[in-house]
Amino acid sequence: MNAYTKYFIRKSGWYLLTLLIALILNFMLPRLIEGNPVSTIASQVSQGMTDSDSIKRVYDNFMKEFGVDKPLVVQFGIYLKNLVSGDLGTSFGLYPRKVSNILASAVPWTVGLQLPAILVGWILGNVLGAVAAYRKGVFDKVLFPVALFVNSIPFFTLAIIMLYLLAITFKWFPMGGGYDYQMVPHFSLDFILSVIRHHTLPFLSIVLVTIGGQAIGMREMSIYELNSDYVLYSKLLGIRDSRVARYVFKNAMLPQITGLALSIGTMVGGSLICEIVFSYPGIGTWLFTAIRQLDYPLISGCTLLIALTVLLANFTIEIIYGIVDPRIKAAQMEEN
Amino acid sequence: MSLNAVELMGDVSPAPRKNILDVQGLKTYYKTRLKENVYAVDGVSFALEEGKTLGIAGESGCGKSTLALSLMGFYFPPLNFGSGSININGIDIMKLNKEQLRKQILGKEIAYIPQAAMNALNPTLKIIRFIEDMMKEHRPDLTKKQVWDIAAERFKTLNLSPDVLQSYPNELSGGMKQRTVIAISTILNPKILVADEPTSALDVTSQKTVIKLLKELLDKKFIKSLVFITHELPLLYHVTDDIMVMYAGEIVERGSAHQMIFDSLHPYTKKLMGSIIVPEEGMKENRLTAIPGTPPNLKNVPSGCRFADRCSYAQEECKQGDIPNRYVGDRVYRCIFDPDTLKEWYKNEER
């Protein structure tokens, strides 16, 4: 077995351990919140009932159905057993909808919002940062403070400002949701246009913040690489500027790739606040609703999904990095 | 003081033998953030004959590294070309445009070994890929296979394993990296190799290997002439035919290595020799003395002799006007005093 395979196996072990810890936390933390979800649901269901016995029966029924009458350890065991067979449980708040069903309906919205926004923001940000570092001069002097400014605005502030200006004051865009609420999702031009109109504001708010952060990072890295000795040496051997620039940007890109992979990985949980501000029907809005209703299975489901994607993203980055950068690969193999 | 022994700067008569490198009145400057021009190379003239090696020595900050860069004729900020000419093998490279210079001169006629060879190679590029990129500029007619053959052959000749070609820079040791850089720089058989402190970051054993490698390049005629820049004068004694001493952007003395070490004329060279241990017979008993003071700020150089403030022999007239070059046989130094006076002083001091 070579050193790299050993490294791969060892890393996988660590990630599995991390996942287990995440599972425990995902399960325990929601249940430590003060309050009883069943009483809320039971009181809603038994509204209008006067017979205290039947109210009690409804309550007990739900306690049993949700399994919250058993000790926590037993509940965790059941949770793990169901998890292995792919069952994330039944939502309390949207009883009897399955958690996996809710997540499946929410993920496309989140990914559809985040993935294009991250990619567009990342590409634009890196190009702008690289050009600023290479060109210097006026372009850099204008871009840098603007990027710094945009990047420093908290995500939700920018979202709220955009919502206020573009949706409320000018009424150019709808205020929230994934599509016009009177529409039924189906495949038609009207529906797609409505989705795009609702998509624009949250999309822009993410793109702007991403551009700012990426441009700053890329600019710094490029300036650092541009001043390195190999640039001078390569130029003095007669290698053309465009090729030297390619060396520089490949090397400057390395940390940026981590940034991209991380934001794609954390994408599912990355836009929680943005989704909440724009009431976008993604994971963020669902998680927000679930926490308010103490919907344990849905909270655990959302956080498990987020934890899984983050771990998977990190793992992938580490492996890709080893392939792209020989220095990292060498360091990784030394770890053994 | 005989008048015809005194010639003004820039009036150097052409040398009888073929000069492979001829630099006249070269001035290059750094543009600072405050838009000041700092002349780190301030009117340097010298010539180098084919087959000869020239050492350039001086304190840190005297402009030797800048001179090395300036010789390449390829300037990028903050270094700028001021005036003067650089003739390489009869071509005035300052008259060429940037593209011509890059394609015809750099790496082909004159090559450079940087001070920090440790970081001179792109960390994410295999050595052979880098050589391929370099060859694409100068020999686009070669296939990858041919480039590999040339590189492998040259590496073998220079006692470097061709395996190095398939390595990334981080897989090589410091000495190995330095030798790889030298091999890459000279792969096109440039006429002149400019080595900027190629040994300063290495341990003594690696230093010796590098020096041997440079001599080998000369012996095998892979390079015709060598310009070796260092702050270690004794090292130059073993490597170069001639030594030039720089001070505050100017050349203060030039002579054969032996003359410069054992019979220096300019007070600065004398002091510089007194400040280092020389293991040669007749020198190692010398007491070490430091040169008082620091070199002048190049932003604001004093008139007259730039060394006058630190020179124990300086007199009022040293600090006025231009100091002429004095020619004694084939040596030249920049001081108002004649050799006899200087030698008399040095003798008195030793007593």
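**Figure 1. Contact between chain B and chain A in the predicted model.** In this view, 23 residues of chain B are in contact with 20 residues of chain A. Two elements of chain B, α2 (98-105) and α3 (127-138), each give two or more residues to the side that touches chain A. Of the elements, α3(B) gives the most to this side, with four residues. Sorted by class, the side of chain B that touches chain A comprises twelve nonpolar, seven polar and four charged residues.

**Figure 2. The fold of chain B.** Chain B contains ten helices and 13 strands. Its C-alpha atoms fill a box of roughly 65 × 45 × 45 Å along the principal axes. The radius of gyration of chain B is 21 Å, which agrees with the value near 20 Å that a compact globule of 351 residues would have. Buried residues account for 42% of the 351 residues in chain B. Among contacts in chain B between residues at least 6 apart in sequence, 64% join residues at least 24 apart.

**Figure 3. The two assigned domains of chain A.** The domain assignment of chain A gives domain 1 as residues 19-84 and domain 2 as residues 99-334. Their C-alpha centres lie 37 Å apart. Ten residues from domain 1 of chain A and ten residues from domain 2 of chain A take part in the contact.

**Figure 4. The side of domain 1 of chain A that touches domain 2 of chain A.** Helix α1 (residues 3-31) of chain A provides the largest share of this side, seven residues. By class, the side of domain 1 has seven nonpolar, two polar and one charged residues.

Terms used. Residues are numbered from 1 along each chain as its sequence is written. Chains are lettered from A and ligands numbered from 1 in the order in which they are written. This is a predicted model: local features need pLDDT of at least 70, side-chain atom pairs count only at pLDDT 80 or more; totals for chains, interfaces and linings use all residues. Two residues are in contact if their C-beta atoms, placed from the backbone, lie within 7 Å. Ala, Val, Leu, Ile, Met, Phe, Trp, Tyr, Cys and Pro count as nonpolar, Asp, Glu, Lys and Arg as charged, and the others, Gly among them, as polar. The radius of gyration is taken over C-alpha atoms; the globule rule is 2.2 Å times the number of residues to the power 0.38. A residue is buried if 20 or more other C-beta atoms lie within 10 Å of its own, exposed if 12 or fewer, and partly exposed in between; C-beta atoms are placed from the backbone. Domain bounds come from an automatic or database domain assignment.
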